[in-house]
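Here's a quick tour to read with the structure open beside you. Take it one topic at a time and find each spot as you go.

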Amino acid sequence: MTMSAGVAGTRADAGVGASGAINIRNVSKTYDPLGVNVLAVDNCSVDIAAGEFCVVVGPSGCGKTTLLNAIAGFHDISQGEILLDNKPICTPTHTSPPGADRMVVFQNGALFPWSTIISNVAYGPTVQGKLSARDARNQAQNLLAELGLPEIGDRYPNELSSGMRRRVEIARALINDPTVLLLDEPFRAMDALTKSVAQEFLLQVYDKVRKTVFFITHDLEEALFLADRVLVMTTRPGRIKYALKIDFERPRNFHMRSSKRYLELKSEVFSAVREEAAKAFEAGERELA
Amino acid sequence: MVFAVEAPARQIERQNEPVFGKSQVGGVSFALFRLRHSLTQPAPYIGFLGIVSLLLAWYLLTEFFNLPRFNKLPGPVAVWTEFTSRTPKYGISIYTPDYYMHIFWSVWRVLQAFFWSTVLGVPLGLFMGWKKTFRDYSFPILEIVRPIPVLAWVPIAILIFAGIASREAPIVFLTFLATFYATILNTMLGVESIDEVYFRAARCLGSKPRHIFFRVVLPGALPFIFTGLQIGVGVGWFSLVAAEMLSGEYGLGFLIWDSYVLSQFEVIVIAMMTLGVIGYLFSAIIRLVGSLLMRWTERGTS
């Protein structure tokens, strides 16, 4: 069985030169919920290479999700521009609507509870008209088998464990052969063991498909374990404070977590985030006062 | 296999649920299993005991002690004798075609009303929940019209339908009104209850509006729709009886009123109990259809 049976057009050696470069240029976003302007993201610039696994960390409410939503096309931005493969996808005047090129995996999961696993995974190709319903189901079945989940097709999401649901959700995204994967704290509500299994699953998938990944979390360990590059965001207004290259080779596994280099990187990123977390904490106190 | 991921393909155990072989005859055998299962629980027997004590209290109040306020009322023995008599005093028992005629007309009217309120109420409710502009237009109308008691519509109903089907149409219309409000309102709430994240996921996956309507809005609202239909059919029976008391020559509501006028009190109780049983059957059928359509809600292990 070859990979193309499941995910159309993915290559194990893809990455360099493949599509999926994201340029975030001077992006600002103000919310105006109650007549009070809130600056969520302030003059934020990042370049993400095609095929890069980029993890954004920062304290709660720092505008990470705002950035992700702008890339996904869920809302516009106030200033600046976001380019995907040099084409503007989000500017103050234009937002390209959400589509299967930028697949989002949501914080609390968004598998349709009323559809079986197989129809959830087959949903994308079916509604896009890329495949007939039957072919889409076959492809979904193949993909689930390749991901080690061959027997759950006719179950409903609430019959599965949270870890299993998350893997299905990643499969539902992958089947569309997206340019970019956007993950918004996907493993947030998991216990530590399930989480580490889910993270390894994601790494294995990434090693195979090498899509550009934009991953949000506030878990530093998770960021270090997964990322090519960790971006630390400041407290609101959000801005990229600094970037840290994680130069561990792939494929990675959990042994990496006990190496000396890992602990050095961890303490480096930890001190950077701690400062921001303290600021966020104080800001919260001020808002309450 | 190129894309072999280490995660083991685990069998997930289905809890408390028998495996019916590969074909999964599904619905029927599953329902039988649940029936068998429920008979091992104390609940049905306790419920039966409750009903027996109600009958006993009724018997004691009327026929046994014959208390002052209750001595004009028929007791359970008198009602049962009349109900099962081949030659009933007042012409209504399980052996008389008239009894079934009344049941038939009431059921037929409720079914018509239920049909129209589902056909109109569910789509309208779905659009009201889904499209904000449409809701902004229509919700105030609904909120002003809804508090008007159904009986206040009687003169209007009679005027509208004067000439065309002037006996049947007003009754069906009044029953429809009551059912319609419950259906449309619950359907709308059902759509509003759908988490925004499913709409976002659907858009992300490349859905066109019709996909969002049929694969997110409709299935997501189903639990509320069925609650609405159950409430609707309940209040539908309520208005039906009121409407039948006002006009009609058949129907259980008419029967109750007619028997009151003629002082045939046993018949009143027979009609009331018939209403209770049929009303229960209606909502049981709706629940059953609902649970067959919404299998995702009942087998959750989480």
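## The big picture

With 289 residues, a compact globule would have a radius of gyration near 19 Å, and chain A has 19 Å, which agrees. Keep in mind that this is a predicted model. Its scores are ipTM 0.87 and pTM 0.83.

**Chain A as a whole**

- If you count up the secondary structure of chain A, you get 7 helices and 10 strands.
- Along its principal axes, the C-alpha atoms of chain A fill a box of roughly 55 × 50 × 40 Å.
- Of the 289 residues in this chain, 44% count as buried.
- Take the contacts in chain A with a separation of 6 or more: 73% of them are between residues 24 or more positions apart.

**A hairpin in chain A and what follows it**

- Strand E9 (residues 229-233) of chain A pairs with E10(A) in the antiparallel sense, over 5 bridges.
- To get from E9(A) to E10(A), the chain goes through a hairpin of 6 residues.
- After that, have a look at A:Ile246, in the loop between E10 and H7 of chain A.
- Is A:Ile246 buried or exposed? It counts as buried, because it has 20 C-beta neighbours inside 10 Å, and 20 or more is the cut-off for that label.
- Ignoring neighbours within four places in sequence, A:Ile246 is in contact with A:Leu224, A:Ala227, A:Asp228, A:Arg229, A:Val230 and A:Leu265.
- One of those partners, A:Leu224, is 22 residues away from A:Ile246 in sequence, yet their C-alpha atoms are 6.8 Å apart in space.
- A:Pro251 sits in the loop between strand E10 (240-245) and helix H7 (260-288) of chain A.
- The peptide bond leading from A:Arg250 into A:Pro251 is cis, with omega near -5°.

**How confident is the model in chain B?**

- Chain B has an average pLDDT of 86, and 89% of the residues score at least 70.
- Which helix of chain B has the lowest confidence, and which the highest? Helix H12 (residues 295-298) is lowest at a mean of 77, while helix H4 (residues 97-130) is highest at 95.
- Over residues 1-25 of chain B the pLDDT is below 50, and this stretch has 29 contacts in the model beyond near neighbours in sequence.

**Helix H4 of chain B**

- H4(B) has 34 residues and spans 48 Å from its first C-alpha to its last, close to the 50 Å expected at 1.5 Å a residue.
- Where does H4(B) bend? The spot is B:Gly121, where the bend is about 25°.
- A proline, B:Pro123, follows within four residues of that bend.

**Two positive phi angles in chain B**

- B:Asn66 isn't a glycine, but its phi is positive, at about 55°.
- You'll find B:Asn66 in the loop between helix H2 (43-64) and helix H3 (76-83) of chain B.
- B:Asn66 is exposed, with 12 other C-beta atoms within 10 Å.
- B:Ser263 is also a residue other than glycine with a positive phi, near 55°.
- The loop holding B:Ser263 runs between helix H10 (252-261) and helix H11 (265-293) of chain B.

Notes
Residues are numbered from 1 along each chain as its sequence is written. Chains are lettered from A and ligands numbered from 1 in the order in which they are written. This is a predicted model: local features need pLDDT of at least 70, side-chain atom pairs count only at pLDDT 80 or more; totals for chains, interfaces and linings use all residues. The radius of gyration is taken over C-alpha atoms; the globule rule is 2.2 Å times the number of residues to the power 0.38. Two residues are in contact if their C-beta atoms, placed from the backbone, lie within 7 Å. pLDDT is the predictor's confidence in each residue, from 0 to 100. The expected span of a helix is 1.5 Å times one less than its number of residues. The bend at a residue is the angle between axes fitted to the seven residues ending there and the seven starting there. Two strands pair if DSSP finds at least two bridges between them.
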